[in-house]
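I opened my notebook to look through this structure one piece at a time. The entries below follow the order in which I looked things up.

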Amino acid sequence: MEVDREDGRTQNQLRPLACSRNVLHRAHGSASWYQGDTKVLAAVYGPKAGTRKNENPEKACIEVIWKPKTGQTGKLEKEYEMILKRTLQSICILTVNPNTTTSIIIQVVNEDGALLPCAINAACVALVDAGIPMKHLAVAICCCVAKSGYVILDPTKLEEQKMKSFAYLVFPNSVHSVLTGGSVQGEPMEHGIITSVTHGIMSVDDYFYCLERGRAASAKLSDFLRRSLQQHPTDSSKAG
Amino acid sequence: MGLSNASGDLSTEVEVDAFRRLFPLRFYEKHLSESIRPDARPLGRARDTTIALGAVASANGSALAKIGSTTMLAAIKMEVMTPSTETPDEGCIAIDFHMPPICSPIVRPGRPAEAAPVVSKQLSDTILSSGMISLKELCLVSGKAAWMAYMDVYCLDADGALFDTALLSAVAAFSHLEIPVVSLNDDGKIVLLSEEQEGMSEREPVNKEKRKLTLCNIPFSLTCILHKNYILADPTAEEESIMETLVTIVLDSSSQLVSLYKPGGPVLAYTSAIQDCIAITRQRVKELQTILEEAISGMEVD
C-alpha cells in the first residue's frame, strides 16, 4: 500500500544522512550526525583517571551528559542519559582501561524526530574518533507504526506525533568477516537487539514487523557508517 | 586460569555465603544449570504478589503493592482546576515516583537515586499512552472545571523489578479511586461536599452518580533478565546487579504491546528470546489480573 509522506519519501526511505568527525578541537573525540533536520553533536573526553562513587573500579566507567536544545534538564534527559549509558556500556570493552571514566556529552542542535537514534549514532562515531576500544558499533533507527499497521522509517517530528506508536531500535553494525558462521541460535549477530524503547500501543506482530524493517535499515546505515569512517583521514594525535 | 582454579578449589572449602559474595556469577550459574534460582523459584516464575487497597485513608485512592520484598505505596489526591483552552473537557493526571532513602542502602538523602526519574517517566508514559483512563471522565463542567489527579508512588523497599511493582500499585490505586462529591456554590465555583453536608445541603451535587473511574485496557508488566540462554522472570536486586541485561514488557488486557523496554545490556536479544519473554509476560498478565480482581472484590464486600 503506497503511503504519502509529507516530504515525499517512501515508507522505507531514510532522510539524507551526514556525518563528520573531529569537529571540536579540545575534545578527545567528537562527531556530528545529521539525519534530515535532526542534528546532534557528540563529544568524548576520556579515558580520565578515577571512577565515580559506587561504580566498579575493575571496569572502565561511562558517563553520559545530555544537553537539550532549550530549557533545563528534566526527566526526559535523565532517561536518555541512562539509555545511552547502558547502550554504550554494552559495546565498549570495559576491561581494557579499568578505573577510568569516559565522558560522552551530547548536545542537541536541532530536533526534528528520531532524536535518540541520531544521538546514539553520533556517540558511536565520536567514540571511534576518540579511539575508545569497542567490540562493535551500534546503529540506531526509529520505526513508526500507523493505525492501519504499516511501518515507516525515520519519521519527522510531525509524523512521530501523528502516528499511533513508534519504536527506537539499536542493532550492532554488520560484520564483514573472512570467517563464515558466527551465528547465534540460527540468527546472525547483527539481528540481535542492543536496545529497544517503544512508545504507544502496538500489537506484538507490528513490533516484530518493525524489527524486520529496522534490521534492513540498519544494514544500510552500517554501510554508510563504514564508508564515512574509512574515508576520513585521522588528524595527528591530540595531547591529553 | 587462576580465577577458575581458585573458585573450583574453594567451592568445596568455602561457606555458601562467602562463595555467594566472592563469586556471585558462578554461584548463580551453578543454580541456573539446574534450572532453579537461589530462592528456589523456577526460572519463569515471579515472586509472590499481594495488593492492599485503601492503604492511605486520607487520600482519595491508594494501594500498597508487594512483589516479593519490593514494596510500593501509591496514593492519589484530586483537585479541581480549570482545563486548558485546547482541551476544555479533559482533566489531567500527574504521576510522580519517589525513592526515599528508606528503600535501599544505595540511596542517600539529598542525592536522588539514578533510577528514580527514569522509572517516573516510564510510569507516566505507560499509564497515559495505554489509554487506561479516559481524561474526559475527569471533566466536571466543560471549559470551567475539571479534575487534576496527583498520583505519588513511593518506593518503600527496593528489591528488583521496581517498574513492575510501581505500575501495579498505580493501577490498583486508580481502581480504588473514589472521586469526591462536589457541587456548584453561588459564585459558580465548585466546592467539595463533606459527608455531613450531603444530606442537609440544598445544592445539587454535580457528580453524584459518577464516583469511580472506568478502567479499560489495564497494563501489566514483567521484567526479565537475559543471561546467555536463560531467561529469568522477575529478578531480585542481587540478580539485577550481577546480570545486567533487563527487558521490561508491558502488555494490556487485550494482549497489545504497550511497551518493550530494553535499555542496552551486554546480551543481545534475538527474536526467539523476545518471543519467549512475551509468552511469559502473557501468563503473568493473567495472574496479575486475577490478583487485582480479588483485591477489588475484597474491598467491595466491606
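**Strands and a hairpin in chain B**

I began with a pair of residues: Ala65(B) has Met72(B), in strand 3 of chain B, as its bridge partner. I note here that the model is predicted. Strand 2 (residues 61-67) and strand 3 (residues 70-81) of chain B are antiparallel, and seven bridges pair them. The two strands make a hairpin, with two residues between them. In that turn I found Gly68(B), whose phi is positive, about 65 degrees.

Next I looked at the other pairing of strand 2 of chain B. Strand 1 (residues 49-53) of chain B joins strand 2 through five bridges, and the two run antiparallel. Thr50(B) stands opposite Lys66(B) there. How much of strand 2 of chain B is buried? Five of its seven residues are, so I wrote it down as mostly covered.

**Helices in chain B**

I turned to helix 3 (residues 24-32) of chain B. Its Phe27(B), Tyr28(B) and Leu32(B) are buried. Down the helix axis, the buried residues fall within an arc of 130 degrees, so they line one face of helix 3. I then checked what they pack against. The list is helix 2 (16-22), strand 9 (219-227), strand 10 (230-233) and helix 7 (237-242) of chain B.

Two packed helices are described by the angle between their axes and the distance between the axes. I looked up both for helix 4 (residues 115-129) and helix 5 (residues 162-176) of chain B: about 45 degrees, and 10 Å. That angle makes helix 4 oblique to helix 5 of chain B. The crossing is right-handed. Which residues meet? From helix 4 of chain B come Val119(B), Gln122(B), Leu123(B), Thr126(B) and Ile127(B). They meet Phe163(B), Ala166(B), Leu167(B), Ala170(B) and Phe174(B) of helix 5 of chain B.

I followed chain B into the loop between helix 4 and strand 5 (139-141), where Ser134(B) sits. Ser134(B) counts as partly exposed, because its relative accessibility is 35%. I also checked Ser134(B) against Cys92(B). They are 42 residues apart in sequence, and 9.9 Å apart in space from C-alpha to C-alpha.

**Two sheets in chain A**

I moved to chain A and its open sheet of five strands. The order is 1-2-3-5-4, with mixed pairing. Strand 1 (17-21) and strand 4 (61-67) of chain A are at the edges; each has a single partner strand, so one side of each has no neighbour in the sheet. From one strand to the next, the twist averages 15 degrees. Strand 4 and strand 5 (residues 100-110) of chain A run parallel, joined by seven bridges. Within that pairing, Val64(A) has Ile104(A) as its bridge partner. Helix 1 (residues 75-91) of chain A packs on this sheet and touches strand 4 and strand 5, at about 145 degrees to the direction of strand 4.

My last entry is the open four-stranded sheet of chain A, ordered 7-6-8-9 with antiparallel pairing. Strand 7 (151-153) and strand 9 (195-199) of chain A are its edges, each with a single partner strand, so one side of each lacks a neighbour in the sheet. Here the twist averages 20 degrees from one strand to the next. Eight bridges link strand 6 (residues 138-145) to strand 8 (residues 165-172) of chain A. Helix 1 of chain A packs on this sheet too, touching strand 6, strand 8 and strand 9.

Notes:
Residues are numbered from 1 along each chain as its sequence is written. Chains are lettered from A and ligands numbered from 1 in the order in which they are written. This is a predicted model: local features need pLDDT of at least 70, side-chain atom pairs count only at pLDDT 80 or more; totals for chains, interfaces and linings use all residues. Side-chain values use heavy atoms; hydrogens and water are left out. Two strands pair if DSSP finds at least two bridges between them. Axes are lines fitted to C-alpha atoms, for helices over the stretch in contact, and angles run from 0 to 180 degrees between N-to-C directions. Contact means heavy atoms within 4.5 Å. Buried means under 20% relative accessible area, exposed over 50%, partly exposed in between (1.4 Å probe, protein chains only). The arc is that of the directions from the helix axis to the C-beta atoms. Angles under 35 degrees count as roughly parallel, over 145 as roughly antiparallel, 65 to 115 as roughly perpendicular and the rest as oblique. A crossing is left-handed if the near helix is turned anticlockwise from the far one by less than a right angle, and right-handed if clockwise.
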